[in-house]
Amino acid sequence: MASLDFDLEESQFRTYYAQQATALQAACTAITSLVAAAVAQAGGIDIAKVEGRVKDADECIRKFVRKYRPALEESNTPYDIQSYISDLIGVRVVCLYEDELEKVAQTMRARFAVIDVTDKVTAVESTEASFGYKGLHLDLRLGTAERDLPEHAAYAHWAFELQVRTIIQDSWSVLDHKIKYKKSIPQQLKRRINVLSALFELADREFLQIRDATAAELLQAPDETADPALDAPADALAPHKAAGGSSELNAFTFLKIATHFFKDFEFEPSKVDGFVDDIQAWSPRMTRARFNTLMRETIGVVKRYKQHFEEQNPQGSFNPYTVMRHCLYLSNKTAFRPALRNSAREAFEAWLIDNTDPRPH
């Protein structure tokens, strides 16, 4: 029964918390899975992690004392602590970029019933005197229809707090919580904290702009497969370069060519970077036009060998990178000898001999 005796209410809350600990942990696991599934189903959102936790009893009591106790006792309003703690379960979605915060929030609003929303991004940006981490907090629970489903019965009554942050905001939050006595520290230290906070904010903005600039660069990369003029000898490319295009083979121009030959393959950025570095190490003067030409000249032969290889090695792998390595080797066996391991090179050579090397001369 509610009262104004804080010691009594704290003791009752701790008893309640201990009794519910197992159920809370099970509910946290289930709700975290529901949130992760909802974000995955939404698509188009780069997520670093989704994690959940049950807040400890001390943390809950500190929150009650800070946010609710003074006003309740001043108005002589009896209370029980658990009625004011709607976020025993906390779930955190960490995004890569700032513009994905609202995308996650919209997905969650469509998937769950909203109890309350706290926009800490706006709160921090609205004053120059404040410092702290930015992020979006939503108090949620299952929607009415889902609460009635048998599979959700064990945790349908639990509300939870969802925090949505970028990686940068999440990192700042960890550091921010380690700064002691923030409201009482000297002004010069506050200024230093604000400078640091601004640097984190700038990093968030820069990552977003770099992402957008990278996407724009990929769209602007010339499409050699549609420009026969670029198949001309290297010396004939000077006018084209003067007209505004670079003949360099880089990740962007490589992807334009590679995705033309392998339309259904998803090229991972880190592997693309490494492969382009390898090509430039083997042939420092490789241009995008030359790479396109050698692929077109050799890929027919290599695809025939790929079919033979897969028939002989049902469990073997011959992915697009393997195809391109063989194409490079076939175009210039001296320069691109390192593209294939000894065993792969010997097997390919044996097949070429047996099948009459049909390369153009």
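Predicted model: local features only at pLDDT ≥ 70, side-chain atom pairs only at ≥ 80, totals over all residues.
Q: How many salt bridges does the count come to?
A: A salt bridge here needs a side-chain nitrogen of Lys or Arg within 4 Å of a carboxyl oxygen of Asp or Glu. By this rule, the count comes to 20.

Q: Which helix holds both R14 and E10?
A: R14 and E10 form a salt bridge, with their closest N and O atoms 3.2 Å apart. The two residues are four apart, about one turn of the helix. That helix spans residues 6-42 and is α1.

Q: How many residues apart in sequence are the parts that R14 and D58 tie together?
A: R14 also forms a salt bridge with D58, and here the closest N and O atoms are 2.7 Å apart. R14 lies in helix α1, but D58 lies in helix α2 (residues 57-67), so the pair ties together parts whose separation in sequence is 44 residues.

Q: Is R14 buried, partly exposed or exposed?
A: Buried means under 20% relative accessible area, and exposed means over 50%. R14 has 34% relative accessibility, so R14 counts as partly exposed.

Q: What does D58 count as: buried, partly exposed or exposed?
A: D58 is a salt-bridge partner of R14. The relative accessibility of D58 is 38%. Because the range between 20% and 50% is the middle class, D58 counts as partly exposed.

Q: How far apart are the closest N and O atoms of E59 and R53?
A: E59 is partly exposed, at 24% relative accessibility. R53 is partly exposed as well, with a relative accessible area of 37%. The two form a salt bridge, and their closest N and O atoms are apart by 2.9 Å.

Q: Which residues are linked with K49 and E51 in a network of salt bridges?
A: Salt bridges can link up into a network, as they do around K49 and E51.

Q: Why does E161 count as buried?
A: E161 lies in strand β5, which covers residues 160-166. The cut-off for buried is under 20% relative accessible area. E161 counts as buried because its relative accessibility is 9%.

Q: Which side chain has a polar contact of 3.3 Å with the side chain of E161?
A: The side chain of E161 has a polar contact of 3.4 Å with that of H137. The polar contact of 3.3 Å joins E161 to Q163.

Q: Which residues is E161 in contact with, leaving aside its neighbours within four places in sequence?
A: Contact means heavy atoms within 4.5 Å. H137, with its polar contact to E161, is among the residues in contact.

Definitions and conventions
Residues numbered from 1 in each chain as written. Heavy atoms only, no water. Buried < 20%, exposed > 50% of the residue type's maximum accessible area, 1.4 Å probe, protein only. Polar contact = N/O pair within 3.5 Å; in protein donor to acceptor, adjacent residues only side chain to side chain.
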